[in-house]
Amino acid sequence: MKILYFAWLRERVGLAEEEVAPPAEVATVADLARWLAGRDEAHAYAFENAAVVRAALDRRHVKPDASLAGVREVAFFPPMTGG
Amino acid sequence: MFSVRIQEAPFDAAAEAARLAQGRTDVGGIVTFTGLCRADAGADGMGLAALTLEHYPGMAEEEIERHVAEARARWPLLGAIVVHRHGRLVPGDPIVFVATASAHRAAAFAAAEFLMDWLKTSAPFWKKEERADGADAGGWVEAKASDDAAADRWARD
């Protein structure tokens, strides 16, 4: 699946997007954030305060317990500050 | 006319608003809101030199369109235009524009405020600040609890 990062998550990870293939036990958004955080120091830094990180699945806002089944694009970002 | 646009270029608020009544006589009121880049002092007392707005292309349009659809379901709107800019903006530059048209003013006022409140908290945009003294303290603007509270007012059970 494709992972997108925005704002300070993008800066901390050092990537705007990446393609990953998590193992089957990674079933929810929260599982994926934990799995990504374990990949390297940059990802760990990006997700160090996981409670503030927001997510979207296929361009829709979701909660951490949302299922990844059938999802193609996951985005992680801080709380929004537009307008 | 219902339209959502994300663009780097400036917009002409008067021309946008005029489009809502063009060629029709049933519009009784148009409410417009223009949000500007403000130069107020930050926490360190130094002024703002510029803001850079990052967005999630695709989702930004879709998320705003979902809220326009909800506004249409809640109020008898005859039109709505939302324009949100991205890229680097300096104090005084227009950032966001919302206009709503209805037969009567109440719906237009309410829908414009509803759209702005949701734009602040759920449209995927992020602001990064550049300070006038050249300092870069990480720069990302933090979300405000008051904006969440403003959006929550519209929640329905």
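What pattern does chain A follow when read along the sequence? In this predicted model, the order is β-α-β-α-α-β-β-β.

Along the principal axes, its C-alpha atoms fill a box of roughly 35 × 30 × 20 Å. Buried residues make up 33% of the 83 in the chain. Sequence separation was also examined for the contacts. Among contacts in chain A with a separation of 6 or more, 54% come from residues 24 or more positions apart.

Chain A also touches chain B. The contact draws 14 residues from chain A and 22 residues from chain B. On the chain B side, the elements giving two or more residues are two helices and two strands, namely α2 (59-74), α3 (105-122), β3 (48-55) and β7 (125-131) of chain B. The most is given by α3(B), with five residues. The side of chain B that touches chain A holds 13 nonpolar residues, five polar residues and four charged residues.

Methods
Residues numbered from 1 in each chain as written. Chains lettered and ligands numbered in written order. Predicted model: local features only at pLDDT ≥ 70, side-chain atom pairs only at ≥ 80, totals over all residues. Helix = DSSP H or I, 4+ residues; strand = E, 2+ residues; numbered from the N terminus. Buried ≥ 20, exposed ≤ 12 C-beta atoms within 10 Å, placed from the backbone. Contact = placed C-beta atoms within 7 Å. Nonpolar A, V, L, I, M, F, W, Y, C, P; charged D, E, K, R; others polar.
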